Amino acid sequence: MEYEIGELVIGKVIKVKPFALFLQFEDGTEALLHISELSDSYIRDIEKYAVIGDKLKVKVVSVDENNGFLRVSLKQVPPEEAFSSHVNFGRKIPTIDELHY
């Protein structure tokens, strides 16, 4: 399958490194999701965003013409299109009523 820059694709995390996540798509194509393309905020622990087996919707930002390897971005996916199967175990996001100001 050929991917185009700007295309949104769901990939599965196959490898986690301190600097990046590596994803694979249904057709076997692999992609690099660099830590700088996860969020505009500082990321201390990349595994808070994803672990092996998680699925993420990402945007294709470049395609290596020689081997078809992709570079993708999570932070460039429009909020209304975002998807992640990641569950942050042990952490609960408080509701407005639970916050104490």
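## Strand pairing and the barrel

Two strands are taken to pair if DSSP finds at least two bridges between them. In this predicted model, strand β2, covering residues 20-24, and strand β3, covering residues 30-34, are joined by five bridges and pair in the antiparallel sense. Within this pair, F22 stands opposite L32 of β3.

The two strands belong to a closed barrel of five strands, whose order is β1-β2-β3-β5-β4 and whose pairing is mixed. From one strand to the next, the twist averages 50°.

## The nonpolar core

The largest nonpolar core comprises 18 residues, and those with the most contacts inside it are L21, L23, F25, L33, L56, V58 and V72. Two or more residues are given to this core by each of β1 (8-17), β2, β3, β4 (55-63) and β5 (70-73), with β4 supplying the largest share, three residues. In soluble globular proteins, nonpolar side chains tend to be buried together.

Leaving aside residues up to four places away in sequence, L33 touches A20, L21, L23, L38, L56, V58, V72, S73 and L74. The C-alpha atoms of L33 and F19 are 8.9 Å apart in space, while the two residues are 14 residues apart in sequence.

V72, with residues up to four places away in sequence again not counted, touches L23, F25, A31, L32, L33, H34, E37, V58, K59, V60 and V61.

How values were computed
Residues numbered from 1 in each chain as written. Predicted model: local features only at pLDDT ≥ 70, side-chain atom pairs only at ≥ 80, totals over all residues. Heavy atoms only, no water. Helix = DSSP H or I, 4+ residues; strand = E, 2+ residues; numbered from the N terminus. Axes fitted to C-alpha atoms, helices over the stretch in contact; angles between N-to-C directions. Core = buried A, V, L, I, M, F, W, Y, C linked by side-chain atoms within 4.5 Å. Buried < 20%, exposed > 50% of the residue type's maximum accessible area, 1.4 Å probe, protein only. Contact = heavy atoms within 4.5 Å.
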